[in-house]
Amino acid sequence: ILKQPIGYLQVQHRYRLEQRWIDTLFRQRIRYRAQCIIPLQKSYLDHGKGLFMNVNDEVFLGFGKGIGKNILDQNRFIAAVGYQFSPNFNFQMGYLNQFVIKPDGLHMERNHTIWASVVYNLNFSK
């Protein structure tokens, strides 16, 4: 995860490499997520506590042997409102739009979902 503050916005870029077995096929894909955290309360900026908005988009691209007819596997867009309880703990709830392209490259699906997330970062440095 690369963090890039822009004014009071927190912009993050996350890169993932996935290597997995699906049935008997070995598949690989790259995931890239761009995320923007927008503070909605001054207390979020001052003390790391308070309301915020999370807007992000993640794209999944397959590569190598075993991919379907299209390298784009899926795309996920999330818009959520959250509350930061402490620097290590937050809760978010919002909307997820998931667009999936099936391996045949012809069939697609779009899922509209209520999305909830609880994040607690453990600190092992102490």
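Biologist: Is Q92 buried or exposed?
Modeller: Q92 is buried, at 6% relative accessible area. Buried means under 20%, exposed over 50%, partly exposed in between, with a 1.4 Å probe and protein chains only. One caveat: this is a predicted model, where local features need pLDDT of at least 70, side-chain atom pairs count only at pLDDT 80 or more, and totals for chains, interfaces and linings use all residues. Residues are numbered from 1 along each chain as its sequence is written, and side-chain values use heavy atoms, with hydrogens and water left out.
Biologist: Which side chains make a polar contact with the side chain of Q92?
Modeller: N54 does, at 2.8 Å. N90 does too, at 3.3 Å. A polar contact is a pair of N or O atoms within 3.5 Å; within protein, one must be able to donate a hydrogen and the other to accept it, and residues adjacent in sequence count only if both atoms are side-chain atoms.
Biologist: What else is Q92 in contact with, leaving aside neighbours within four places in sequence?
Modeller: The list includes F52, A80, W115 and S117. Contact means heavy atoms within 4.5 Å.
Biologist: Switching to R33. Buried or exposed?
Modeller: R33 is buried, with a relative accessible area of 12%. Beyond neighbours within four places in sequence, R33 is in contact with Q12, H13, R14, N56, D57 and E58.
Biologist: And how far is R33 from G68 in space?
Modeller: They are 22 Å apart, C-alpha to C-alpha, and 35 residues apart in sequence.
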